[in-house]
Amino acid sequence: MPTSVGKRPDRLAAVRRVTRGIDRRTVVRAGIVAAVAYAAWLAIGAFGRPYNFFDMKIYHGAVVWWASGHELYEFVAPDTTLGFTYPPFAGLAMLPMAHLPVTVAGLVNALVSIAVLAVVLAALLRPIVDRLGWPLWYTVAIATPLAIAIEPTRETLGYGQVNLLLFALIMADLVALRWRSRRGTHQAESDGPLLRFVYGGAWAGVGIGLATAVKLTPALFIFYLMITRQWRAATTAIGTTVAVTIGSFGVVGAESRAYFGNVLWQTERVGAADMTPNQSLAGLLARLYDSIETPTLLWLAFAVLVLALGLSRASQSHADGDELTAFTLVGLTANVISPISWTHHLVWVIPAIIVLADAAVRRHDASRGPALRSPSGAYGGPPGVSTLRPPIWYPTLTGLRHGIAAIGLYLLFLISPIWPYEHQLPEVSHYENGLFGALMENSLALALIVLVAALPWRPGAEPAFYTDRMARTAALLQHRR
């Protein structure tokens, strides 16, 4: 007993030493992160829908059916008319989950999706937090639950969809292009071939190629790489898609022939165009015309216009040194022009919110004077060259509209006002609740179109390449200061 009493002061002293070693700021930040996560959970409960891994049950049932010796595309989920609609390569990738219970498969997909979302957010936010001097872990810990709470992410997780995984594959190519443009700072002569390959970004295009092999809409990114003359990445993406597709023919030839010869063209397998969760241009036009089908010629005309506008603006963003905004514009354009873009497909609003918020901060900082340097190139300049804000004084409220746009866009996709006004023909007209109801039912689609037309880019923020002209311009700005 005396020994126990004698040890107690030593233990208390050890606890005090550990407590003193904990930064109070870290404790406060951890509390804020917990509060944000709890608020996000409440928001999902308030604005989300009941989720039971509905799509995952279809995927799981299809691969179990396939693994038991049946034809993959002959599967129809019980009590539905829905079957497997992805290419055979996606079926091969999902085949291992046939050995798991469907609920476990859904939980694994959700956990992996959240993990890759956090990694993607870390990659997208890293240049911004480095510039602002914020802790990366803290920023990502707040951004992740905020991103999970909005409509595309919560629908993806709740239904057991793969959109965040495809999003991560495409964003991996953005990181590869970033590393390629800065390979001089990442590579040392002592690095082995593997490190030089990884940090040199030579694999840029593989992610887009794999995403295209799983789902066809990412093919628009290949077209974007071609029109911006990023030939190596475009060639890698095409080669990856072709290799994976041909490989699938070699492994599961019957399913590949069935998909590309028949299933691919059966658009009715997906659903009616006018369904409320279809927030593409085609869905918007079908609902505006109060028709189950989209007016084809009108849709084609507007789709070509949006495609030209989106790719043109993405190309200009690339030329001005903002590859993140360029990728975001391409992703948003794909959402708009696709015949079917369910709300869980709209994950490209996540980088759009980041771009708007960063544009607001940049413009606000610029109004305070041109005195910020970035020797590491965090402001978009070449490594080793300081890049300055433009030597122009802006009004104090500069950036306010971009900040309001970022907040408004986030709240729109958090609240998702389409669901209180959901209607389905022929039972109920899409104008059942008047013009205001029609506007709310189409609000997400309208927001996507506005983003394609008006999302600002940030010149020099994150170029995929550095030219001698960029270096000379940055050096001239430094000299003038």
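## Nonpolar core

A nonpolar core is a set of buried Ala, Val, Leu, Ile, Met, Phe, Trp, Tyr and Cys residues joined through side-chain atoms within 4.5 Å. Buried means under 20% relative accessible area, exposed over 50%, and partly exposed in between (1.4 Å probe, protein chains only). This is a predicted model: local features need pLDDT of at least 70, side-chain atom pairs count only at pLDDT 80 or more, and totals for chains, interfaces and linings use all residues. Residues are numbered from 1 along each chain as its sequence is written, and side-chain values use heavy atoms, leaving out hydrogens and water.

The largest nonpolar core holds 104 residues. Phe 84, Met 171, Phe 327, Leu 332 and Phe 413 have the most contacts inside it. Beyond its neighbours within four places in sequence, Phe 327 is in contact (heavy atoms within 4.5 Å) with residues including Ile 170, Met 171, Phe 221 and Trp 348.

## Salt-bridge network

A salt bridge puts a side-chain nitrogen of Lys or Arg within 4 Å of a carboxyl oxygen of Asp or Glu. The whole structure has eight. Arg 131, Asp 322, Asp 358, Arg 362 and Arg 458 are linked in a network of them.

Arg 362 bridges to Asp 358, with the closest N and O atoms 2.8 Å apart. The two are four residues apart in helix α18 (residues 349–366), so about one helical turn separates them. Helices are DSSP runs (H or I, at least four residues), numbered from the N terminus. Arg 458 also meets Asp 358, at 2.7 Å, N to O. Arg 458 lies in the loop between α21 (443–454) and α22 (468–480), so this pair ties together parts 100 residues apart in sequence. Both Arg 458 and Asp 358 are buried, and Arg 362 is buried too.

## Asp 322

Asp 322 sits in the loop between α16 (296–319) and α17 (323–337). Its relative accessible area is 0%. Its side chain makes a 2.5 Å polar contact with that of Thr 325. Such a contact is a pair of N or O atoms within 3.5 Å; within protein, one must be able to donate a hydrogen and the other to accept it, and residues adjacent in sequence count only if both atoms are side-chain atoms. Leaving aside neighbours within four places in sequence, Asp 322 touches Ser 317, Trp 457, Arg 458, Ala 461 and Glu 462.

Asp 130 and Arg 126 form a salt bridge, their closest N and O atoms 3.0 Å apart. Both lie in helix α5 (residues 102–132). Asp 130 is partly exposed at 44%, and Arg 126 is partly exposed at 42%.
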